[in-house]
Amino acid sequence: MSTSIAFLKGHGTENDFVIVPDPENLIDLSPAAVAALCDRRAGIGGDGLLHVVRSAAHPEARGMAGEAEWFMDYRNGDGSIAEMCGNGVRVFARYLQRAGHVAEGDIAIATRGGVKSVHLAKEGDVTVGMGKALLPEGEVTVRVGEHAWPARNVNMGNPHAVAFVDDLAHAGDLFTVPPFSPASVYPDGVNVEFVVDRGPRHVAFRVHERGAGETRSCGTGACAVAVAAARRDGADPAVTGAPVTYTVDVPGGRLVITERADGEIEMTGPAVIVAEGEIDAEWLETAVK
């Protein structure tokens, strides 16, 4: 391993990430290494890590290389692998723009949740085509302390349980995974969103992200929340034939989610690179022992 590894730090509505450029997939980022880098006291700190790799150089993405040059090898803050991260895709795209790999306009990014279409403004927000939501059948219940709520099962390439509550404080501290049942519905864990109404087509939520705890924002979660709210409100675009847009507030800012009549979902929000530097490779080797 070289004596240093380049990194950047970025965030999307304060969902923050360590960014490790590695076009040829030469850096060994074990779960322990990712967890050490994302540690907020002993490492750089982040809700997750964006490993920037050319699709052709990664075994999980080679099949997408014809559609997307770059693969977002996303890791949760605890080192586990995740299928998709909506805020992460926006920050990933902003990094590619900053590094000169892409220009403003439309680009494609490969993820474990498929190829995502991204529109990069020269300045301002980034819009991501998030694909279609899947709505598995079956009842789900989420609990916090003595409170229990029915939750909508929404899959955005990763699993979500969306519960509408009267007060966001009812979600508790969200340090630990809110219990859900039946356990068989989410064998690999789940992101849990607690949602309140702010006005017409306007909601706010807090989230426990699988592998990260409570985060300041969750892009796929915002999409799942908008989808669940549209069904609750009788505004399913597949039924009405008209697109529906929800403003979704998160602790770290605001996202705008539009679901079209064909089911395709677009998410628009900020993406910011805040710093860049070098990781000491000797420290990292010591940290994972």
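Start by selecting residues 86-98, which make up helix α2. Helices here are DSSP runs of H or I with at least four residues, strands are runs of E with at least two, and both are numbered from the N terminus. The expected span of a helix is 1.5 Å times one less than its number of residues, so the 13 residues of α2 should span 18 Å, and the end C-alpha atoms, 19 Å apart, agree with that. Before you click on: this is a predicted model, where local features need pLDDT of at least 70, side-chain atom pairs count only at pLDDT 80 or more, and totals for chains, interfaces and linings use all residues. Numbering runs from 1 along each chain as its sequence is written, and side-chain values use heavy atoms, with hydrogens and water left out.

Now colour α2 by burial. Buried means under 20% relative accessible area, exposed means over 50%, and partly exposed is in between (1.4 Å probe, protein chains only). Twelve of the 13 residues of α2 are buried, so the helix is largely enclosed by the rest of the structure. Among them are Val-89, Arg-90, Phe-92, Arg-94 and Leu-96. Then step past the end of the helix to Gly-100, which has a positive phi near 85°.

Next, select Leu-50, which lies in strand β3. Leu-50 has a relative accessible area of 0%, so it is buried. Show its contacts (heavy atoms within 4.5 Å): leaving out residues up to four places away in sequence, Leu-50 touches partners including Gly-88, Val-91 and Phe-92, as well as Phe-17, Ile-19 and Met-72. For a sense of scale, draw a C-alpha to C-alpha distance from Leu-50 to Gly-138: 33 Å in space, for 88 residues in sequence.

Move to Leu-49, also placed in β3 (residues 48-54). Leu-49 counts as buried because its relative accessibility is 0%. Its contacts beyond four places in sequence include Val-18, Val-34, Leu-37, Cys-38 and Tyr-74.

Three of those names take you to helix α1, residues 31-38, where Ala-33, Val-34, Ala-36, Leu-37 and Cys-38 are buried. What covers the buried residues of α1 includes β2 (15-21), β3, β4 (70-76), β18 (272-280) and α5 (281-287).

Now for the interior. A nonpolar core is a set of buried Ala, Val, Leu, Ile, Met, Phe, Trp, Tyr and Cys residues joined through side-chain atoms within 4.5 Å. Which members of the largest core touch the most other members? Select Met-72, Leu-96, Ile-109 and Ile-257, out of 54 residues in that core. Helix α3 (residues 219-232) gives the most to this core, with nine residues. Centre on Met-72 and you'll find contacts with Leu-50, Met-84, Cys-85, Phe-92 and Ile-109, among others, not counting residues up to four places away in sequence. A second, separate core has 18 residues, including Val-142, Val-165, Val-190 and Val-192.

Select α3 next. Its 14 residues should span 20 Å at 1.5 Å a residue, and the end C-alpha atoms are 20 Å apart, which agrees. Twelve of the 14 residues are buried, so α3 is largely enclosed by the rest of the structure. One of the buried ones is Cys-223, and Val-225 and Val-227 are others. After α3 comes Gly-234, with a positive phi near 70°.

Finish with the rings. Phe, Tyr and Trp rings (the six-membered one for Trp) pair if their centres lie within 6.5 Å; planes under 30 degrees apart are stacked, over 60 edge-to-face, and the rest tilted. The structure holds three aromatic pairs. In one of these, Trp-149 and Phe-194 sit edge-to-face, 5.6 Å centre to centre with 75° between the planes. That pair links strand β9 (residues 147-155) to strand β12 (residues 191-199), with the partners 45 residues apart. Both Trp-149 and Phe-194 are buried. Another edge-to-face pair is Phe-180 with Tyr-186, at 5.3 Å and 80°.

Last stop: Phe-164. The charged end of Arg-232 sits over its ring, 4.3 Å from the centre; the cut-offs are NZ of Lys or CZ of Arg within 6 Å of the ring centre and within 35 degrees of the ring normal.
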